[in-house]
Amino acid sequence: MNLKTTYLGLPLEHPLVASASPLTEKLDGFLRLEDGGASAIVMHSLFEEQVLHEEEALDHYLHYGHESYAEALSYFPRAHEYRLSPERHLDLLARAKERVSVPIIASLNGVSRGGWVEYARLLEEAGADALELNLYYIPTDPALSGAEVEAMYLETIRAVVEEVRIPVAVKVGHAFTAFAHFAKRVEGTGAKGLVLFNRFYQPDIDLERLEYVPTLSLSRPYEALLRLHWIALLYGRVGLELALTGGVHSGREAAKGILAGAQVVMMTSAVLQQGPGHFRTVLEELRAFMEERGYESLEEMRGAMSYQKVAEPAALERANYLKVLGSYRLLP
Ligand SMILES: Cc1cc2nc3c(=O)[nH]c(=O)nc-3n(C[C@H](O)[C@H](O)[C@H](O)COP(=O)(O)O)c2cc1C
């Protein structure tokens, strides 16, 4: 059976990729992920704020919102509080490249067009095989329209794509009014891939202390459903490779991802819980599923459950919505 594939033009042994996680904050983590069976590794992000801490980093808060610059600045960790300085980040990437043979995808995380974008080139020079640009931003200003936010994203993507020769994938959250349209415009920037979706981290309220507390809970398999749905909807409709991140814990989610149309599926939470060797377990489960269903290659399987052949997906979505609500039975 052929599990080989490509992602962003990179040849991969199979489609199970390690998404960005703290495991890549040390060289040892890269080695463990490769040993565990990841076919490619996304390095943890280098953040816009980390690169340009006190200079122009927070320009977009002034430019796009009404918040005060000084106050916005005080929310962020100070430069020395980041676990790695930008220079050490580049150095770690270069050392990992020397020791690891699977492709390494560097990750840049920011939203505004600014000097930090030149780090895309520095990551390329340090040896990155591809670049993932993570656009994590919650537009809270009522004066800021969806069109303005999307224009800001597209401008940033274009700036990064222009900076490098390696392929760029874009990682976003799902909160868009017209995601399919946005995806199409991402294609127009020259980016090659779309990574679906960032998880939206929501702080909890501590009722004793009446404080917001940051919470980081690892994902659950049901979170894959939103990603599967969008991958199935976009497959064949946009010229971008689609990567699933969020909720992949077993071969079941991996198989569903490929059937929906994912080029690769990524894991972080399951690997943090079970250890890097979990890649091999999931790969065996995926292989077993393919054998059972008679699939001989990923190409045969990819997109088989997508909406590509549905002429009116929006109508089908509406019809399914009515069916789902109508299917609920009240207890007698
Ligand atoms: C502790 C932790 C750190 C993470 N760091 C990053 C990061 O630096 N950059 C990034 O793009 N995503 C980061 N992520 C998000 C993961 O790459 C992944 O997209 C997300 O956890 C959903 O996938 P999962 O369900 O397999 O965990 C992080 C996730 C966790 C749990």
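These notebook entries record what I looked up in a predicted model.

**Entry 1. The shell around the ligand**

I began by asking which residues surround the ligand. I found 19 of them, and the closest are Ala20, Ser45, Asn134, Ser219 and Ser269. I then sorted the shell by class: it has seven nonpolar, 10 polar and two charged residues.

**Entry 2. Polar contacts of the ligand**

I next looked up individual polar contacts. A polar side-chain atom of Ser45, one of the closest residues, lies 2.6 Å from a nitrogen atom of the ligand. For Thr245, I noted a polar side-chain atom at 2.7 Å from an oxygen atom of the ligand.

Finally, I asked which elements give two or more residues to the shell around the ligand. They are strand 4 (41-47) and helix 11 (269-274).

**Entry 3. The annotated domain**

I consulted the UniProt record, an unreviewed entry, which places the annotation "domain: Dihydroorotate dehydrogenase catalytic" on residues 95-290. Over residues 95-290, I recorded 41% helix and 18% strand, with the end C-alpha atoms 37 Å apart.

**Entry 4. Aromatic pairs**

A pair of aromatic rings is described by the distance of the centres and the angle of the planes. I searched the whole structure on this basis and found eight aromatic pairs. The angle falls between the cut-offs of 30 degrees for stacked and 60 degrees for edge-to-face.

Is Phe176 buried or exposed? Its relative accessibility is 17%, and Phe176 therefore counts as buried, as the cut-off for buried is under 20%. Phe179 is buried as well, with a relative accessible area of 1%.

Phe179 also pairs with Trp230, and here I noted an edge-to-face arrangement, with 5.3 Å from centre to centre and 80 degrees between the planes. Phe179 lies in helix 8 (residues 179-188) and Trp230 in helix 9 (residues 224-234), so this pair ties together parts that are 51 residues apart in sequence. I recorded Trp230 as partly exposed, because its relative accessible area is 22%.

**Entry 5. The aromatic cluster**

To finish, I looked up which residues form one aromatic cluster. The members are Tyr153, Phe176, Phe179, Phe182, Phe197 and Trp230.

Notes. Residues are numbered from 1 along each chain as its sequence is written. This is a predicted model: local features need pLDDT of at least 70, side-chain atom pairs count only at pLDDT 80 or more; totals for chains, interfaces and linings use all residues. Side-chain values use heavy atoms; hydrogens and water are left out. A residue is near a molecule or strand if one of its heavy atoms lies within 4 Å of it. A polar contact is a pair of N or O atoms within 3.5 Å; within protein, one must be able to donate a hydrogen and the other to accept it, and residues adjacent in sequence count only if both atoms are side-chain atoms. Helices (H or I, at least four residues) and strands (E, at least two) are DSSP runs, numbered from the N terminus. Ala, Val, Leu, Ile, Met, Phe, Trp, Tyr, Cys and Pro count as nonpolar, Asp, Glu, Lys and Arg as charged, and the others, Gly among them, as polar. UniProt positions are given in the numbering used here, feature names are shortened, and annotations may be inferred rather than shown by experiment. Rings of Phe, Tyr and Trp (its six-membered ring) pair if their centres lie within 6.5 Å; planes under 30 degrees apart count as stacked, over 60 as edge-to-face and the rest as tilted. Buried means under 20% relative accessible area, exposed over 50%, partly exposed in between (1.4 Å probe, protein chains only).
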